[in-house]
Amino acid sequence: MKRYYLADQSKIEIDDSKPIGKGGEGSVFRLDKNPDILVKIYTDRALSRMPDIELKIRAMTEKKPGLLSYNGLTIIAWPSHVVYNSKGRFVGYVMRRVTAKNQLSHVITPGLQKTKFPGITFYDRVVIAINLAKVMDFIHQNDTVIGDINTSDFFVYEGFEIGVVDTDSFQFQAKNKIFPCKVFTPDYTPPEVIKGQKNNQIMLRLPDHDNYGLAILIFQILMYGVHPFSARIRHTMGFDGNAINYCMEHEIFPYVSENPNIVPPKNAMPFSFLPKDIQDLFVMAFKPKKAQEDRPKASDWVIHLREMKESLKKCRKNKSHQYPGHFSKCPICSREHSKDFDQLDPYFPSISRTYVTYPTDHKPVTVDVNTVVQETLFAKVHDIRKKRTQAVFFNNQMIQKYGLAKRIDALYASRRERSGIKAYVPMPLHLIKGNDETIGYVTKKMPKRYRLTTFLRYNRLGRMKITEKTRLEVARNVAVLVNTLSKANVLIEINQIFIDKKLNVSVPDIVAFGLEKEGIPALTFQKEDYIPYEHYLNLSYEAYLEAETKRIEETQREEALREAREKSAAQAEAVLIKAVPKTKSLSEILEEETFIFETSKRRKQKDQKAKEAQDEDESPPAIGPFDPLAKASIRFRLAIMIHIILHDAHPFKGHENGVDLPPKHFIKKNMFLNRKTQKTIQADKKMRVLELYPISYRKMMRRALIVKNPLKIRRPSSKAWERRLSNMIGDLKVCSKNSDHHYDKRLISCPYCHMATDPDPDLMRTFITTNTKRITDHLVLANVLINQLVVLSALSLVLYLLFKNGLSSYINLEGFKDFLGLDGITAFMDDVSNKVIDWLLSLIGR
């Protein structure tokens with residue numbers, strides 16, 4: 001037995017030879033007289049490493065949360081008393097014991113669950129998840145953040161209540177002082193915290209950080225132990241073998257990932273097993289974090305999990321099976337038959353239907369709200385039951401933020417004016433209403449589409465791998481699309497374009513279009529990336545005019561003041577001295593006269609040009625105001641999109657002096673980056689070199705992006721791009737080593753095979769230069785053809801002579817000649833040979 005003391009000098013005794021738990025910070029012992037009370041004793045090393053732990057524990061004992069026990073069960077093992085040794089030195093604290101025998105990991109891990117909770121049902125899992133969220137919500141309400149979320153700190157009672165231990169690591173706030181949490185478990189910690197810890201920064205934890213870990217725990221509870229970021233990853237750069245770490249670091253949620261190379265593991269339960277509202281909560285919790293957005297709170301989970309619990313159904317075949325109410329058949333029976341994710345994922349949607357009817361301005365439509373066939377920037381698309389149409393429902397947050405209801409109402413009213421673009425844009429047929437407000441619209445059924453930027457990022461579309469020919473076809477289709485939309489005064493960005501498996505392009509988000517008559521601007525997210533150089537030139541000219549106007553006004557003001565002073569001085573002198581006419585002296589007359597040579601006409605023209613050049617240097621050229629719907633602006637936008645498709649990067653994206661700069665910076669400078677690397681300015685590393693394509697394409701691209709004369713901007717039209725890209729498609733040839741490689745026929749060797757081994761852009765330019773067919777190559781080919789023609793002619797002449805003189809004396813070829821029809825050929829060759837002999841004799845005679 002070992003004796004310790006509390007703050008009031010009362011004694012407590014523990015059996016220090018039998019700890020019930022031991023860790024890196026210390027050991028936990030039972031109190032001798034009451035085994036339900038525990039004492040945690042820190043090691044000397046832990047105390048030296050945590051100098052403020054005594055202040056923290058003392059503050060926690062003074063500020064206890066209201067809920068420490070529930071129905072006689074300890075819910076939170078909160079410090080109740082500070083413990084000292086016989087020398088009065090702080091060594092630990094007293095807490096109530098969490099008597100639950102099983103950790104939360106025993107519910108999550110399938111092998112442990114079978115032995116610890118053999119009869120657990122999905123209903124029980126939902127109850128555990130609700131209780132976990134309740135405890136977390138209570139902790140957050142008491143100015144406390146758990147910080148280090150992990151499965152070993154949560155215990156599950158037999159009635160599925162939750163107990164929490166290891167509370168001394170919580171981030172706690174008391175008396176205007178924050179005691180931070182300095183530890184974390186990577187598998188349950190958000191990436192922003194891990195990044196800060198790697199940079200040796202002690203980040204103050206927020207409830208939002210706990211919400212991330214809570215979402216992971218709830219996912220594991222409901223999805224039978226599978227971690228939400230566990231995945232099968234194939235053909236992905238930077239993957240180190242740990243799928244969870246990779247997906248968490250890159251914020252990739254495999255269940256909604258657009259990358260076909262990242263999919264959930266084989267033993268995972270399909271995401272469609274969960275109701276739609278629960279799926280949305282997980283997507284919100286795991287999507288890339290933005291500063292202004294919060295993850296779902298613990299209270300949100302309690303509300304939605306309760307709704308799911310109330311809607312659970314019981315299986316008719318197996319009463320222990322309880323499953324979400326949107327299924328018409330038991331999915332758990334299906335999973336017991338096969339646990340293969342690849343089989344269950346396409347099967348579950350066929351047995352899960354939740355039909356909801358919505359009113360429209362024509363007839364009500366019925367849709368399956370659980371099945372989303374397409375998701376765009378602003379909406380989700382559902383198939384309408386027993387119809388060849390689709391229902392497009394706007395995101396609730398987008399409706400308020402961007403005024404989508406007003407936009408679609410105006411577009412619906414003017415839909416006939418835009419009938420020319422219906423081949424590329426799903427026009428609204430009817431408006432869907434909800435609470436007297438437009439929440440979506442009905443449109444014609446479209447094939448499955450994929451975001452173009454995703455297609456380019458992952459280099460494939462489903463099983464179809466992107467090739468150079470595919471890129472050129474997509475770029476050509478985009479040129480046709482831009483040409484069609486520009487006639488309707490519609491501007492688009494590349495992130496608004498979708499494609500199907502036949503490489504047909506479309507723009508599903510019609511609500512992003514602008515309406516000039518109604519005063520509704522277009523919704524753009526990368527506006528500055530598509531503003532051409534002349535816009536910034538016009539701004540600089542306007543600034544010059546403003547500065548010049550101020551300078552002229554200032555000069556006129558100073559001149560007026562000078563004249564006024566001279567006039568007042570002359571008036572004062574006239575009063576004092578009576579002015580008399582003064583005759584000019586000879587020297588004064590000579591000074592007034594100037595000696596000037598007569599100037600030639602050529603000199604005058606030269607001086608005039610020099611003056612005009614000086615005026616041009618002093619001020620930018622005057623051009624009209626920037627119009628985004630002008631032909632030059634639309635063509636600039638098209639050239640940028642074609643460059644992104646063919647070269648994997650914005651043409652003005654790069655860095656200067658090692659600092660990444662936005663495209664706007666280089667557009668202002670009128671600086672084309674897809675060229676040989678300079679010392680201080682480099683293009684984006686992902687940018688593929690311009691030299692991969694013919695010189696005619698390169699000239700068009702430079703003419704479209706670089707302005708040489710601002711007064712005469714002539715960029716290639718979309719029709720010109722369509723013709724050029726079609727010609728480039730016809731000039732492609734297939735690599736002999738890799739059938740996926742298509743390259744221009746002017747090249748001798750495949751540049752993409754070389755790019756796989758050495759991706760350096762300057763080396764790639766050198767490779768293309770050395771492997772491009774030149775005039776000498778064509779001359780060699782012509783020489784080979786001429787030599788072959790000469791050999792064939794000589795061989796024909798030899799055969800003719802043999803048939804005429806030599807072979808006929810040895811072989812009777814009359815029948816053979818008749819068979820081949822050589823009589824006419826023989827007569828022709830006789831005539832040719834006679835003429836050649838006469839021509840040679842005439843030359844000799846001369």
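Author: Start with three strands: β23 (379–383), β24 (389–394) and β26 (437–444) each give at least two residues to the lining of the largest cavity. Strands here are DSSP runs of E with at least two residues, helices are runs of H or I with at least four, and both are numbered from the N terminus. A cavity is a set of points on a 1 Å grid over the protein atoms alone where a 1.4 Å probe fits but cannot get out, and lining residues have an atom within 4 Å of a point. Keep in mind that this is a predicted model, where local features need pLDDT of at least 70, side-chain atom pairs count only at pLDDT 80 or more, and totals for chains, interfaces and linings use all residues. Residues are numbered from 1 along each chain as its sequence is written, and side-chain values use heavy atoms, with hydrogens and water left out.

So who sits around that space? The lining is made up of Thr-376, Ala-379, Val-381, Gln-390, Val-392, Pro-426, Tyr-441, Thr-443, Met-446, Arg-449, Pro-508 and Asp-509. Sorted by class, that gives seven nonpolar, three polar and two charged residues (Ala, Val, Leu, Ile, Met, Phe, Trp, Tyr, Cys and Pro are nonpolar, Asp, Glu, Lys and Arg charged, and the others, Gly among them, polar). The volume is about 70 Å³, meaning the space filled by probe spheres set on the grid points, which are joined across faces, edges and corners.

Now back to the strands. They belong to an open sheet of five, in the order β22-β23-β24-β26-β25, with antiparallel pairing. At its edges are β22 (374–375) and β25 (430–434), each pairing on one side only. Two strands pair if DSSP finds at least two bridges between them, and β22 and β23, running antiparallel, are joined by two. Across that pair, Glu-375 stands opposite Lys-380 in β23.

For a bit of context, the structure has five cavities of 30 Å³ or more.

Definitions and conventions:
On a 1 Å grid over the protein atoms alone, a cavity is a set of points where a 1.4 Å probe fits but cannot get out, and a pocket is an open set with protein on both sides within 12 Å along at least five of seven lines; lining residues have an atom within 4 Å of a point.
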